[in-house]
Amino acid sequence: MNILISNDDGYLAQGIAILARVASEFANVRVVAPERNRSGASNSLTLDRPLSFRAAENGFYYVTGTPTDCIHLGLHALPDFKPDLVISGINHGANMGDDTLYSGTVAAATEAFLMGIPAVAFSLNTHKFAQYSETAEQAAWIVLSHLLKNRPIAPVLWNVNIPAVAPDELQGYKTTRLGKRHHIQNVIASTNPRGEAIYWIGAAGDVSDNEDGTDFAACEAGFISITPLQIDLTAYREMDYLREYWRGMSV
């Protein structure tokens, strides 16, 4: 079996090294990741310039682009390697609720899923990765070992979030839905050395929906959260209303 691995923290991130080590216990592994941190890149493609594709000393490949770019190059620049599964992460920080819309980690998995390849995104619910690296590794092993021994019939897109607890405090795993955050994104104003105004996009808002059954609640209780994702954005409940709204409208 072949597994393609990517992330959005860059090819030197501790999380991707752990994920590659765990995955190599089950399959042949190739790592194609951004050359630098591309957190928040979502599903963006680099269309305004060519991309470089290089092999690093650690055996990973790095791309001068986004996580989505990495999936495309991983599939087309390595003709001898056809992945049966794509995994992304382990992200340094959670990707829960609305965060999944912005996440480059989730985007890499999403791009593979759109191409008909099963995909799983992994994230650790803290930026203190070194402190909880053993937990991250154990959780990745739990999920991958079960997935590869019991392969789903159709391609899946799973979003996995790992709680920031000690390894022996992991409570198991739960199937969850996405929670929600308050849509408040702080904008921090500053100036550059020339006195010109510059702005930083600050941290995401607080959690507004962490009820039982959500990814937020599961992680808070020490469970690995596994959320099945879908791509179809159609608001089916509004289709009848929209048909009625446009009834009789002439062009």
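Visitor: Which residues do ring pairs link into a cluster?

Guide: Ring pairs join Tyr 241, Tyr 245 and Trp 246 into a cluster. Rings of Phe, Tyr and Trp (its six-membered ring) pair if their centres lie within 6.5 Å; planes under 30 degrees apart count as stacked, over 60 as edge-to-face and the rest as tilted. Before we go on, this is a predicted model, where local features need pLDDT of at least 70, side-chain atom pairs count only at pLDDT 80 or more, and totals for chains, interfaces and linings use all residues. Residues are numbered from 1 along each chain as its sequence is written, and side-chain values use heavy atoms, leaving out hydrogens and water.

Visitor: How many aromatic pairs are there by this rule?

Guide: The count comes to five aromatic pairs. Take Tyr 11 and Tyr 62: their ring centres are 4.7 Å apart and their planes are at 15 degrees, so the pair is stacked. Tyr 11 sits in the loop between strand 1 (2-6) and helix 1 (14-23) and Tyr 62 in strand 4 (residues 61-63), so the pair ties together parts that are 51 residues apart in sequence. Helices (H or I, at least four residues) and strands (E, at least two) are DSSP runs, numbered from the N terminus.

Visitor: Is Tyr 11 buried or exposed?

Guide: Buried means under 20% relative accessible area, exposed over 50%, and partly exposed in between (1.4 Å probe, protein chains only). Tyr 11 has a relative accessible area of 16%, so Tyr 11 is buried.

Visitor: What surrounds Asn 91?

Guide: Contact means heavy atoms within 4.5 Å. Not counting residues up to four places away in sequence, Asn 91 touches Asp 8, Asp 9, Thr 105, Phe 122, Ser 123, Leu 124 and Phe 129. Asn 91 belongs to strand 5 (residues 85-92) and counts as buried, at 6% relative accessibility. A polar atom of the Asn 91 side chain lies 2.7 Å from the backbone oxygen of Gly 93.

Visitor: How should I read two packed helices?

Guide: Two packed helices are described by the angle between their axes and the distance between the axes. Axes are lines fitted to C-alpha atoms, for helices over the stretch in contact, with angles running from 0 to 180 degrees between N-to-C directions. Here the axes of helix 2 (residues 67-76) and helix 3 (residues 104-114) come within 8 Å and cross at roughly 35 degrees.

Visitor: Which residues meet there?

Guide: From helix 2, Pro 67, Thr 68, Ile 71 and His 72 meet Gly 104, Ala 107, Ala 108, Glu 111 and Ala 112 of helix 3.

Terms used
Polar contact = N/O pair within 3.5 Å; in protein donor to acceptor, adjacent residues only side chain to side chain.
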